[in-house]
Amino acid sequence: MREISTKDIIKAVKDMCIDANYNLGKDVEDALRKAYEKEESPVGKATLSQILENVEISKQGEFPMCQDTGTAVLFVEMGDQVLIKDGNLFEAINEGVRQGYKEGYLRKSILADPIERKNTKDNTPAVIHLDIVKGDKLKIVCAPKGGGSENMSEVKMMKPADGVEGVKDFVIDMVKRSGSNPCPPIIVGVGIGGSFEKCAEMAKRALLRPIGSKHPNPFYADLEAELLEKVNKSGIGPQGFGGTQTALAVHIETYPCHIASFPAAVNINCHVARHKEVVL
Amino acid sequence: MAQKKINTPLTDEVAKDLKIGDNVLITGDIYTARDAAHKKMVELLDKGDKLPFDIKGQLIYYVGPSPARPGKVIGSAGPTTSGRMNKYAPRMLEAGSKGMIGKGEMGSGVQDALKKYTGVYFAAIGGAAALIAKSITANELVAWEELGAEAIRKYTVKDFPAIVVQDAHGGNLYQEGVKKYQKI
C-alpha cells in the first residue's frame with residue numbers, strides 16, 4: 001500500500017480551485033481564438049474579443065474569469081493500493097474547497113438546503129465522484145461549474161426505437177432551447193446509455209475531455225463532428241447575439257444499457273470551461 | 001455596428017438613439033439589484049412609497065460579484081440571467097428607470113415596457129467578469145444590507161462595456177441576430 005496524506009490532498013484541491021478559476025485551460029483558449037477567427041457576425045466577433053481579453057486579465061490573478069466561480073465538482077480516481085492517512089478523503093477534499101474559495105476570493109454559491117436556501121458561506125459541500133481503479137496513485141480533477149449553464153441540462157429516457165436520430169434531435173433541441181442562457185460559445189456534454197443517473201454523470205464527465213479530442217469509437221467521433229456542425233448552424237452565436245460560433249465542441253460518452261432503455265443526457269458548459277487535474 | 005459612449009442618468013433622447021447591436025461604453029453611476037431587492041422595491045411602489053434611490057434615468061445592473069480583494073473596490077462582476085427579473089423590470093421602467101443591464105433575453109412584457117417608457121436593455125458579456133470589474137471605480141451600499149449579495153449598491157463605472165440587445169423601438173437582437181445566421 002502507498003500512503004497519501006490528507007494534507008497533500010487539501011493543498012492540491014485548494015490550488016486547483018484557485019487555478020481553475022483564474023487560468024483558462026489552453027485547449028479552451030485556443031478554441032476561443034479559433035472561434036474568433038471563424039465568427040461571421042460582427043457582434044459575435046466583438047463578443048469573442050471581449051471574452052479573450054477577459055481571459056488575459058484573469059491570468060494576472062486579481063479577478064476570477066467569472067463571478068460565478070461555481071459548484072466545486074471533483075472527479076476522483078483512487079488506486080486500490082492507496083491508503084489515505086491523517087484523516088478522511090472526502091473531508092480533505094471539502095477542506096481544500098473551503099480554503100481555495102476563501103484564499104482565492106472566489107464566490108460562495110452553495111446553499112445548505114435547496115428549499116430553505118441559506119448559504120454555507122464556504123462553498124462546501126463539494127460534489128464528489130469517486131472511482132476505485134488499479135494502482136497506487138490518486139487522480140483528482142477539479143471542475144468548478146457555473147449555475148447558468150448547469151441549469152441548461154436534461155436527462156431524457158428515450159425509446160430504443162428513437163435511435164441515433166432521437167439523440168441528434170434531443171441535443172439540437174436542447175441547445176436551441178438554451179439559447180443565450182448558458183453563455184455561448186458552449187461545450188456540449190452528451191451521455192448516451194447506462195441508467196438514469198449514469199447517463200447524467202457521463203454528460204458531465206464529457207465536459208472534462210480536452211477540446212479537439214475525439215471519441216475513440218469512429219462512429220461516435222463522427223456523431224460528435226456532425227452534432228457540432230448542426231449546433232453551429234443554429235445561429236445562436238456568442239452570447240446568443242446571433243452568429244456561427246455557438247459551440248466549441250460536442251463530446252459524447254457512452255455506456256452499455258438495459259434492453260428496454262435508451263437514456264440520453266445533455267450537460268452544457270459555458271465558455272469559462274474550467275477543469276484542472278492533479279495526480280498524487 | 002456602432003460604438004457609442006453614453007452617460008447615466010440616460011435621457012429619452014439618448015435611449016431612443018440606441019439600436020440593437022450597438023456597442024456601448026457606459027460611464028456614470030449604475031444601481032445593482034437582483035430578485036430579492038426587486039421584490040422589495042415593487043412592494044414599496046405598491047404602497048406608494050419612495051424607492052431607496054432616485055431611479056429617474058438610471059440603469060439597474062443584475063449582478064452578484066465575487067468578493068473584493070483587499071484594496072480593490074470589487075471582485076469579478078459579470079451579469080446574471082435577466083429573465084428572472086421579467087416580472088419586475090416593467091415596474092422599474094414605469095417608475096422612471098431607463099433600462100437594465102444583464103444577460104439573456106427578457107420577456108415580451110419587458111419588450112413592451114421598453115417601448116412604452118423609452119427604455120433600453122443592455123447585455124454585458126456573461127463570463128467576462130474580470131474585464132467588467134476593471135470598469136468599476138467605486139462601489140457603495142445604497143439599501144438593504146441584510147440582503148447580503150442581493151443588497152442594492154451603487155457602482156460608479158467608467159466605460160463599462162455592453163451591447164444593446166432589446167431597444168425602445170421593439171428591436172430584439174436575441175431574435176433578429178439569431179435569425180440572420182440560422183441555417184437549421
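Which residue just after α3(A) takes a positive phi? Gly61(A) does, with a phi of about 90°.

## Model and numbering

This is a predicted model, in which local features need pLDDT of at least 70, side-chain atom pairs count only at pLDDT 80 or more, and totals for chains, interfaces and linings use all residues. Residues are numbered from 1 along each chain as its sequence is written, while chains are lettered from A and ligands numbered from 1 in the order in which they are written.

## Helix α3 of chain A

Helices (H or I, at least four residues) and strands (E, at least two) are DSSP runs, numbered from the N terminus. Helix α3(A) covers residues 42-59, which is 18 residues. From its first C-alpha to its last it reaches 26 Å, close to the expected 26 Å; the expected span is 1.5 Å times one less than the number of residues.

Buried residues of α3(A) include Val43(A), Leu48(A), Ile51(A), Val55(A) and Ile57(A). A residue is buried if 20 or more other C-beta atoms, placed from the backbone, lie within 10 Å of its own. The buried residues of α3(A) pack against elements of both chains: α1 (6-22) and α2 (26-38) of chain A, and β2 (23-32), α5 (129-133), β7 (152-166) and α6 (173-181) of chain B.

## Contact between the chains

Between the chains, 39 residues of chain B are in contact with 42 residues of chain A (contact: C-beta atoms, placed from the backbone, within 7 Å). On the chain B side, α5, β7 and α6 each give two or more residues, and α6(B) gives the most, with seven. This side divides into 18 nonpolar, 13 polar and eight charged residues. Ala, Val, Leu, Ile, Met, Phe, Trp, Tyr, Cys and Pro count as nonpolar, Asp, Glu, Lys and Arg as charged, and the others, Gly among them, as polar.

## Domains of chain A

The domain assignment, automatic or from a database, gives domain 1 (2-20 + 65-145) and domain 2 (148-273) in chain A. Their centres, taken over C-alpha atoms, are separated by 26 Å. Eight residues of domain 1 of chain A are in contact with six of domain 2 of chain A.

## An open sheet in chain A

Four strands of chain A form an open sheet of mixed pairing, in the order β6-β9-β7-β8; two strands pair if DSSP finds at least two bridges between them. β6 (154-158) and β8 (247-255) of chain A each have a single partner strand, so one side of each is left without a neighbour in the sheet.

β6(A) pairs with β9(A) (residues 262-269) in the antiparallel sense over five bridges. Within this pairing, Lys156(A) has Ala264(A) of β9(A) as its bridge partner.

Technical notes
A residue is buried if 20 or more other C-beta atoms lie within 10 Å of its own, exposed if 12 or fewer, and partly exposed in between; C-beta atoms are placed from the backbone. Two residues are in contact if their C-beta atoms, placed from the backbone, lie within 7 Å.
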